[in-house]
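Please look over the model first.

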Amino acid sequence: MLLRISVVTWLVLLAGCAAQFPEPTGSRDHASAAEVLDRSIEAHGGYLFDQAGSVRVSYDGEWRNVVKVLQPVLVDAGYRQQSEEMLDLATAGIVQVHNGPDGTKLVARTAADVSVMYDDVESDDETTRAASALVADAYTMFLTGPSFIRQRNAELTLLEPATRDGESYQRIHAVLEPGFGFSERDEAVLWINEQTGYLGLAHFTIEGLASTRGAHVDVAFSKYEEIDGFVWPTEFYERVRAPLRVAAHSWHITELEVSGDSVDEYLARTDATD
């Protein structure tokens, strides 16, 4: 209880002086920004959403305790410890099966809606549904990186370059309408390694929940591997940047496969062999 009171008090004190999300102060030339994005897409192996089939991926990770307290519905740590996910490349829909100490959570996210089931019982709680839609969209971005930004037809601005950990990055500011989950609008800044073209960091707003409006986070990507013709980051590290600065989540890919089956085809074939 003392931890909860202390953290909430800290959050309230910091809310009034929260850092603002970076303004797009660089070149307004959309074409130049699109060229940088296209270069990154090619560096990762090509535009994923031109492919047939699906991506199947499994994750394992660890949440920081302070974030569990601050955002219990979004984190949902009792269920979101390990995850098996299928991303349909034709529709950009995603099915996530999360597992944790409290049981199993199934999320099916389409462009228009989301369904959430806890241990085979469907949830109609609107906050839970909104949080699950936000997470599903964010994880689609984490996995597909620059392809996600192109698929969402984001408005792009080229920012000034920057350095991080001694490496040079080109930066793109992207406006997503709609945003992550049920948000009408979110913003993201992509840090693209100038030498490799790989996406090294995504800094983004999370307006899809009442409890996260005005907040922004970043996710760093590392340990890239070529799997089935594409280059993927396999380790991820998330930090909250506002209204306070705190480490949030670290996770990694345990298995990944690009399949010729769509999600529906795979599930039908799996059901037939059960």
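## The largest pocket

A pocket is an open set of points on a 1 Å grid over the protein atoms alone, where a 1.4 Å probe fits, with protein on both sides within 12 Å along at least five of seven lines; lining residues have an atom within 4 Å of a point. The space in this pocket is about 440 Å³. Helix α5 gives the most to the lining, with 5 residues.

This is a predicted model: local features need pLDDT of at least 70, side-chain atom pairs count only at pLDDT 80 or more, and totals for chains, interfaces and linings use all residues. Numbering starts from 1 along each chain as its sequence is written, and side-chain values use heavy atoms, without hydrogens and water.

| Lining class | Residues |
|---|---|
| Nonpolar | 22 residues |
| Polar | 5 residues |

Gln71 sits in the loop between α3 and α4. Gln71 counts as buried because its relative accessibility is 16%, where buried means under 20% relative accessible area with a 1.4 Å probe, protein chains only. Its side chain makes a polar contact (N or O atoms within 3.5 Å, one able to donate a hydrogen and the other to accept it) with the side chain of Ser211, at 2.9 Å.

The largest nonpolar core has 63 residues; its members are buried and joined through side-chain atoms within 4.5 Å. Helix α5 gives the most to this core too, with 10 residues.

Terms used:
Buried < 20%, exposed > 50% of the residue type's maximum accessible area, 1.4 Å probe, protein only. Helix = DSSP H or I, 4+ residues; strand = E, 2+ residues; numbered from the N terminus. Points joined across faces, edges and corners; volume = space filled by probe spheres on them. Nonpolar A, V, L, I, M, F, W, Y, C, P; charged D, E, K, R; others polar.
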